[in-house]
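Here is a friendly tour of a protein model, to be read with the viewer open beside the text. Take a look first, and then let us walk through it together.

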Amino acid sequence: MSGVYVYAVTRADHPLRLDGLRTVGGTDEPPRVLVHGPLAAVVSAAPPDLRPKRRDLGAHQELQERLMADGSVLPMRFGLLAPDDTAVRTALEAKRDDYARRLGELHGTAEYNLKAARSQDDLLREVLDGSDEARRLNQCTRDGTGTYEDRLALGELVARQVDARQRRQADEIVARLSGLARASVLADPSKDDFLNVSFLVERARADEFGEAGRTLAQDYGAAYDFRLRGPLPPYSFAA
Amino acid sequence: MTVMTQSGGIQPAATSSGSGTAGLFDILELILDRGLVIDVFVRVSLVGIEILKIDIRIVIASVDTYLRFAEACNRLDLEAGRKAPDKLTDIVGNLVESGARGKTSGAIGGAIDAIGDIFDRDDKDREDER
């Protein structure tokens, strides 16, 4: 299929150093720039059979990193294809003021994503410590005795407690860091995590923010696993 | 790319360009699920990757999950747990740079770990579980 893969929108006066960057799909032609009025889009020839392979996700991300080093960028979601250059220009024209405004708002900022998990045993101990009923049910189902209903009741009680405590802690953690960020966006945590939040942080406060993250991780202790990533292209704040 | 440090430590991660590294894992959902979208453009199919963003809450309220939690409680060594805090006082929390999962991996997972697993079972006759 012909067409173009679209990476990002920037201001037209962005330096747009694209030398040496690989493309999504590993196509021969390097990424190139389409300028339209005050805006620019970075595109490359659409690869055939585009799939979200690790290599391609990496190429998409690397290009954003390069762009964000020199100015504001609106990173596209991975995998967007336009039929041709004209369609890209039309799209820029349609949202021209909107994109220009957002690029201005994002100036001098970056995204930081924080994910947090907690050791299950640690959490379960806390739940059992805090509930006579859970301890009683645990005791009577422990050695294989107790009924199916007992086990179900224990599980339901504990699951609710786990959920409530995780939500509360997620709120606490976000509250501690929000003061250092300009904005935050919560997302669904996946797998073991109980928190997945992105912050928009001014570069001038990046060190302070990172330090706050480290302090937070220390305060919560070894039963927790915090993964703070950044500075990232503002994926969560581009739309 | 990344600024993060290990275990409250000092050394900034000197990742050149983090993308090719394991670090990609933790930001996968940002690249795939966020970012600017232009409606008139076509989006590549992400079949097989969508599983990542299944809401954990869907899984919480199921009989299967309750039984897993009950089992996890039954297995818990309560005495060991009481002593643990003393032993661990000096160990700071983990703030990991690497995309590789830390020690807690598979922990909460005891209950929610195999999301795919749970969904597979939904396809079978529920009576099988009893």
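Asp49(A) sits in the loop that runs between β3 and α1 of chain A; helices (H or I, at least four residues) and strands (E, at least two) are DSSP runs, numbered from the N terminus. This is a predicted model, in which local features need pLDDT of at least 70, side-chain atom pairs count only at pLDDT 80 or more, and totals for chains, interfaces and linings use all residues. Residues are numbered from 1 along each chain as its sequence is written, while chains are lettered from A and ligands numbered from 1 in the order in which they are written.

For context, most residues other than glycine have a negative phi, and most peptide bonds are trans. Burial is judged by counting other C-beta atoms, placed from the backbone, within 10 Å of a residue's own: 20 or more is buried, 12 or fewer exposed, and in between partly exposed.

| Residue | Other C-beta atoms within 10 Å | State |
|---|---|---|
| Leu16(A) | 20 C-beta atoms within 10 Å | Leu16(A): buried |
| Asp49(A) | 7 C-beta atoms within 10 Å | Asp49(A): exposed |

Another backbone feature to look at is the cis peptide bond joining Gly230(A) and Pro231(A), with omega about 0°. Pro231(A) belongs to strand β9 (residues 224-232) of chain A.

Now for the chain as a whole. Chain A contains 7 helices and 9 strands. Its radius of gyration, taken over C-alpha atoms, is 23 Å, well over the 18 Å that the globule rule gives for 239 residues, so chain A is more spread out than a compact globule; that rule is 2.2 Å times the number of residues to the power 0.38. Along the principal axes, the C-alpha atoms of chain A fill a box of roughly 70 × 40 × 30 Å. Buried residues account for 48% of the 239 residues in chain A. Confidence is given by pLDDT, the predictor's score for each residue from 0 to 100; the mean for chain A is 94, and 100% of its residues reach 70 or more.

How is chain A divided? There is domain 1 (4-107) and domain 2 (110-237), with bounds from an automatic or database domain assignment. Their C-alpha centres lie 35 Å apart. Contact means that two C-beta atoms, placed from the backbone, lie within 7 Å, and 6 residues of domain 1 of chain A are in contact with 5 residues of domain 2 of chain A. On the domain 1 side, helix α1 (residues 54-70) of chain A brings the largest share, 3 residues.

That helix deserves a visit of its own. Since 12 of its 17 residues are buried, α1(A) is largely enclosed by the rest of the structure. The buried residues include Asp56(A), His60(A) and Met68(A). They pack against β1 (4-11), β3 (39-45), β4 and β6 (109-118) of chain A, together with α1 (24-33) of chain B.
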